[in-house]
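Let's take a walk through this structure together. Have the sequence and the 3D view open side by side as you read.

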Amino acid sequence: MWNRLAIVSFIACGMLIGIPIGVIITNQCALSSIFLEVKLIQLIQLLMTLLIAIFLTYFINTLINRDLKKSDIVCDLIDTYQNKLGDIFILGESYFQNADYEKQREIISSLKTASILLNIIIEIKRDKHNKKFINYDGLWNDFIKFKIILTDSPFGEKPPKYSLEDINNFESIYKLISSKLYNCKLKLYSY
Amino acid sequence: MEEEREIVQINIAKDFSTIPSSRYEKDGPFSGEEFRIKYLEPHFKDPKANYFIKIILDGVEGYATSFLEEAFGGLARIYGKQRCLERLEFISIEDRLLVEEIRQYIEECDVE
């Protein structure tokens, strides 16, 4: 931020010094005297206009950048959460086909990680400065449905017997969550 | 003046297991059923007991729905949702959504 401020100050100072020098030089040599009959007040007005324009541009630019950076951070978090759910989905499909204890533990620990990530995303929603509306409560409900389908009974049974309906429901909820997460990301960058 | 209620603490990772498993004891050790019978039900057998039971959920690998539903939903089916919600206090710093999840299992358990 200070670098930008230094650049803006440098340009302003340059103009403050450069314009009078330019006026003096041209007054003495090239241009006609009528053209150079500039009143001091006009010069000050011009300088003020330029300064206001520069500072407004800087201010708006900073605001937009800050907003974009916030959106980038939330988007990265949603990406990480989405990837984690993708991993769990693959693990779940594999567990349905061939259940073993290792996969069972991996699913449980991955779901914990996903829940922690979702909690961080929900906490950002509670930030009063977050003006973009995203239905995070819906995301939580969908996550719980996803977890219930995968880890409620017959999960952990020896052997677990999943019906075709369970497997279809698991796929459906995963697709639904994925599409909602894409929508969330799109909303982050819409105005 | 309101009477101060006693608090009993159960730390699942330290007192029970860091790898809680699934629903029933027949499916292996550290099940929700085992946890409910050994650690929760003894505090509910006396109908006059009204002390708080603080349950520390952190420090484990994670919880399957079947474990949580059998432990806490199962307890609510036996002793009532209201009594469970009044006396159980869940603590998790690692996974804050877990507390809401468990409360949901208690509130939505099918009382026979």
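This is a predicted model: local features need pLDDT of at least 70, side-chain atom pairs count only at pLDDT 80 or more; totals for chains, interfaces and linings use all residues.

Starting at the N terminus, its elements follow the order β-α-α-β-α-α-β-α. How do the dimensions of chain B come out? The C-alpha trace spans about 45 × 35 × 25 Å along its principal axes. The radius of gyration of chain B is 13 Å, which agrees with the value near 13 Å for a compact globule of 112 residues. Among contacts in chain B with a separation of 6 or more, 75% join residues 24 or more positions apart. Of the 112 residues in chain B, 34% are buried.

Now zoom in on helix H3 of chain B, which covers residues 65-79. Its 15 residues reach 20 Å from the first C-alpha to the last, close to the 21 Å expected at 1.5 Å a residue. Is H3(B) mostly covered or mostly open? It is mostly covered, with 12 of its 15 residues buried. Those buried residues include Phe67(B), Leu68(B), Phe72(B) and Leu75(B), and also Glu69(B) and Glu70(B). As a reminder for reading any such helix, an α-helix has 3.6 residues a turn, so residues three or four places apart point the same way. Just after H3(B), look for Gly80(B), which takes a positive phi of about 100°.

Next, turn to the place where the two chains meet. The contact takes 20 residues from chain A and 19 residues from chain B. On the side of chain A that touches chain B, the elements giving two or more residues are helix H3 (101-126) and helix H4 (136-151) of chain A. Which of them gives the largest share? That is H3(A), with nine residues. Sorted by class, this side of chain A has eight nonpolar, six polar and six charged residues.

One last stop is Asp67(A), which sits in helix H2 (residues 40-97) of chain A. Why does Asp67(A) count as partly exposed? It has 16 other C-beta atoms within 10 Å, whereas a residue is buried at 20 or more and exposed at 12 or fewer.

Key: Residues are numbered from 1 along each chain as its sequence is written. Chains are lettered from A and ligands numbered from 1 in the order in which they are written. Helices (H or I, at least four residues) and strands (E, at least two) are DSSP runs, numbered from the N terminus. The expected span of a helix is 1.5 Å times one less than its number of residues. Two residues are in contact if their C-beta atoms, placed from the backbone, lie within 7 Å. Ala, Val, Leu, Ile, Met, Phe, Trp, Tyr, Cys and Pro count as nonpolar, Asp, Glu, Lys and Arg as charged, and the others, Gly among them, as polar. The radius of gyration is taken over C-alpha atoms; the globule rule is 2.2 Å times the number of residues to the power 0.38.
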